[in-house]
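Subject: Handover of a structure

Hello,

I am passing this structure on to you. Please look through it first; my notes follow below.

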Amino acid sequence: MRIILIGPPGAGKGTQCQKLVNLLRVPHLSTGEMLRAAVKAGTPEGVEATAYMEQGRLVPDALILGMVTRRLEAADCRAGCLLDGFPRTLPQAATLDDLLERRAMSVDGVIELAVPRDELIRRMLARKRADDNPEIFSKRITSFEEQTAPLLDYYQRQGKLASIDGLGTADEIFSRVREALRRFARAQGRRAHRPSPLPDV
Ligand code: AP5
Ligand code: MG
């Protein structure tokens, strides 16, 4: 079971993934968290990523792909994972598809959390992460619109996209997330002409 969460900064990807981990019992892979850990530990990848993250720009694809590939190959990801903040560019999405295909696996579904800009800003102001200041935040939103939003079309064409309203309480949004998972299972069942291996949620 491989589920991707896509949404602008502050959309609630991390919040919903925490809830999904309890439901699905698969690891939560957040590339933002992985990068922040690498920056803190001072690894070569962390050192390279710092300037990009501080400016609200995406780090280079090669760096992210190296990091994610290693993580996806770990034993705990064999049964699946939740991908939060990855892929974020079309080359990242194409590489992920290739990588999974070589292992006879695929992305099961992609959930878009749609949240208007004024609410994103309100959430950002209520939090205090190093890259949460109005100027950098606005650059992160632009990176999302220019480089990540095209992925919605990419996954829509594969019939894997569920776009949900990301406004409301975290629990209200989580029930929409569960409904999206049920839709993925039904669509998979129809494609394979047999019940989907996705868990009953
Ligand atoms: P990343 O860490 O992924 O940050 P992001 O996409 O900007 O998203 P956030 O983590 O800020 O928001 P979120 O959607 O997880 O929301 P959250 O649940 O925290 O990436 C950081 C940087 O790393 C990037 O800018 C880039 O430089 C680099 N990077 C990462 N991945 C990359 C990749 N694949 N390629 C290249 N570069 C990459 O919620 C936000 C806040 O709102 C929280 O305070 C939360 O409590 C609150 N909240 C959540 N839900 C609700 C709700 N329903 N109502 C009210 N408040 C809510
Ligand atoms: Mg996050």
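R25 lies in the loop that runs between α1 (13-24) and β2 (28-30). Helices here are DSSP runs of H or I with at least four residues, strands are runs of E with at least two, and both are numbered from the N terminus. The model is a predicted one, in which local features need pLDDT of at least 70 and side-chain atom pairs count only at pLDDT 80 or more, while totals for chains, interfaces and linings use all residues. Residues are numbered from 1 along each chain as its sequence is written, chains are lettered from A and ligands numbered from 1 in the order in which they are written, and side-chain values use heavy atoms, with hydrogens and water left out.

R25 has a phi near 60°, a positive value in a residue other than glycine. F86 and P87 are joined by a cis peptide bond, with omega at about -5°. P87 sits in the loop between β3 (81-84) and α5. For background, most residues other than glycine have a negative phi, and most peptide bonds are trans.

**Helix packing**

Helix α4 (residues 61-72) packs on helix α5 (residues 90-102) at an angle of about 30°, and their axes are 11 Å apart. Axes are lines fitted to C-alpha atoms, for helices over the stretch in contact, and angles run from 0 to 180 degrees between N-to-C directions. The two helices, α4 and α5, are therefore roughly parallel to each other (angles under 35 degrees count as roughly parallel, over 145 as roughly antiparallel, 65 to 115 as roughly perpendicular and the rest as oblique). On the α4 side the contact (heavy atoms within 4.5 Å) is made by D61, I64, L65, T69 and L72, and on the α5 side by P91, Q92, T95, L96 and L99.

Helix α5 also meets helix α8 (residues 150-157): their axes come within 9 Å and cross at roughly 35°. L90, A93, A94, L96 and D97 of α5 make this contact with P150, L151, Y154 and Y155 of α8.

Helix α6 (residues 117-125) and helix α7 (residues 134-148) pack at about 140°, with axes 11 Å apart. That makes α6 oblique to α7. In α6, R117, L120, I121, M124 and L125 meet P134, F137, S138, I141 and E145 in α7.

**Ligand 1**

Which residues come nearest to ligand 1? Of the 30 residues around it (a heavy atom within 4 Å), they are T15, R57, R88, R127 and R140. R127 has a polar side-chain atom 2.8 Å from an oxygen atom of ligand 1, a polar contact (a pair of N or O atoms within 3.5 Å; within protein, one must be able to donate a hydrogen and the other to accept it, and residues adjacent in sequence count only if both atoms are side-chain atoms). Backbone atoms take part as well: a polar one of A11 is 3.3 Å from an oxygen atom of ligand 1, and a polar one of V59 is 3.1 Å from a nitrogen atom of ligand 1.

Regards
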